[in-house]
2 protein chains.
Amino acid sequence: MRLLAIDLGGTKLAIGVFTTDGDLIAEEKLPIDKRSGDEVGQLLSQKIKDLLSQCAEEKSIQSIGISIPGIFYKDKGTVWAPNIPGWENYPLLKEVQCIAGDVSVTIDSDRSCYILGEWWKGAAKGCTDAIFIAVGTGIGAGILVDGKILRGANDIAGAVGWMTLERPFQQDYIECGCFESSASGDGIAKLARKFLSTTGDYTGILNVKPVNAITAVDVFDAYDKGDAIARKVIDHCIEYWGMAVANLVSLFNPQKIIFGGGVFGPAMQFIPAIYEEAVKWAQPISMKKVKLEASLLGSNAGLYGAAYAAKQNLYNLNGSHEK
Amino acid sequence: MRLLAIDLGGTKLAIGVFTTDGDLIAEEKLPIDKRSGDEVGQLLSQKIKDLLSQCAEEKSIQSIGISIPGIFYKDKGTVWAPNIPGWENYPLLKEVQCIAGDVSVTIDSDRSCYILGEWWKGAAKGCTDAIFIAVGTGIGAGILVDGKILRGANDIAGAVGWMTLERPFQQDYIECGCFESSASGDGIAKLARKFLSTTGDYTGILNVKPVNAITAVDVFDAYDKGDAIARKVIDHCIEYWGMAVANLVSLFNPQKIIFGGGVFGPAMQFIPAIYEEAVKWAQPISMKKVKLEASLLGSNAGLYGAAYAAKQNLYNLNGSHEK
């Protein structure tokens, strides 16, 4: 018996076939290229159709799990994914279920899949209360509370990028929230550009590219080479990440907070500094109890989570995990 | 069949006898006066002993629920209550269970009892996801997630007074956290004193008392009379309360946030302004879904919550509520 897991990102599609014990036995990655709207749905459906028909004789794929880069509205079966043009209210469940027939289909948000994956096979194994902070282009969190995913009244819980960490309100916060505006991948690049535009005599390494082409990766590279602007940006991010960790610790009293996403990666080296910052701000007893760790599954966290969501559905685990 | 509910505060003890349907049929309030440590435990135990013996013949009291002003450590049965001297690790469960015999005893934190009470008989009726922000001397929150109280890994979740809302870190935050340091009852008085000490030419109503005797009540009174310093303090609090609401909305996606505690009271008039502030900061879809409301049970929220905790224990509801 096999689980088919799909991790749909803004730019690529990852596909994995898992045993029900969580061994990843086949894997494939496809670019989404310039597809939008229905075309992304068709790519997904075609891929599922192919895989199901390849495995049709032995009927080995029993359940499908899909991680999506946005919000899955369970009551309507639709997806809102801001990075896929035309997916404001996309009827993904119906579309995939048509292809899948009597194979069960589960869809969940990427942030829920990240923590589910880490709980199943990664850094959150054995935890009842743990949080995965995904810092990539944006920032979101998958939150495990007493062994279950925190979903909220409308499946939108975990929007940590909107955390308020600094007064007064700035126009920058309107689009994506205060925390995300300067501590996400996009935020890091934006902050570097802002500091560059206000530092007239700067002649450092970040001047090599046109200012608008600077990315978070450039900032991390410059930091490693001792650049002053990059240091200023990263110091600011460490303060924000630490304050955000403090808020999550004070509110949720979790056993672990796990960092993942494209930015962690290069930012893993800062986890001790983030911890030191958080200690200043957080409820002190809860802070003593928490561990900050790097994702163990890295870019595969969503895929493992999608596979576990598929398993949950297959065994009617009903959203509460085996403990 | 009756439930005995006790709401232990820092300065007084409230006692209520409830039907299992939630009707409060007898009520009593006692001052704690200058009691500390064992004396508070003895007062509580004596009161329970008296009530049980009064009702002994008909055996009407079947379950006891106690709300405490701090943290109840379920695994050890002990209480940490910062406002009761000597209650760092007080073995309350054992002490009360000795008196209660075969009558069941449940202890829970005041913040959990507040949301439980409001869920049973107040503003959170019918909610699966709701938050009670208690703003009194300090600030805490009772958080209902998918019909269950959020407890965290060590029963310390909901310490919202420690939320970080402003950089850089200030020494004031060490004792009680950033949010609580200037938006609790104590914080309001402290902020007024701070503003007074830096406003040389002030001749307003807050000058009547010695500066160190000013309380939050004085600030609210002065605000109602149009005082400029009081307005500055309250405007700051509205900003903090709004930012805190925004964080809770973005993280939890709740149906309702309910304001209670000694400060709300006089601050209820500001709920529309708090809403306007929160709208600026919060995840916009979640913000549209949430309602901000005043506590319906007021100073009795803890008592109702303690009664419901007693009922839960009696019927082995195991921490998950009837829906």
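## An open sheet in chain B

Let's start in chain B, where five strands make an open sheet with mixed pairing, in the order β10-β9-β8-β11-β12. Strands here are DSSP runs of E with at least two residues, and helices are runs of H or I with at least four residues, numbered from the N terminus. Two strands pair if DSSP finds at least two bridges between them. At the edges stand β10 (148–149) and β12 (291–294) of chain B; each has a single partner strand, so one side of each lacks a neighbour in the sheet.

Strand β8 (residues 130–135) of chain B runs antiparallel to strand β9 (residues 139–145) of chain B, and six bridges join them. Within β9(B), B:G140 is the bridge partner of B:A134.

## About the model

This is a predicted model, in which local features need pLDDT of at least 70 and side-chain atom pairs count only at pLDDT 80 or more, while totals for chains, interfaces and linings use all residues. Residues are numbered from 1 along each chain as its sequence is written, and chains are lettered from A in the order in which they are written.

## Two domains in chain A

Now to chain A, which divides into domain 1 (2–116 + 299–314) and domain 2 (126–295); such bounds come from an automatic or database domain assignment. Their C-alpha centres lie 28 Å apart. The contact takes 10 residues from domain 1 of chain A and 15 residues from domain 2 of chain A, where contact means C-beta atoms, placed from the backbone, within 7 Å.

On the side of domain 1 of chain A that touches domain 2 of chain A, β5 (71–73) and α3 (110–121) of chain A are the elements giving two or more residues. The largest share, five residues, comes from α3(A).

Key:
Two residues are in contact if their C-beta atoms, placed from the backbone, lie within 7 Å.
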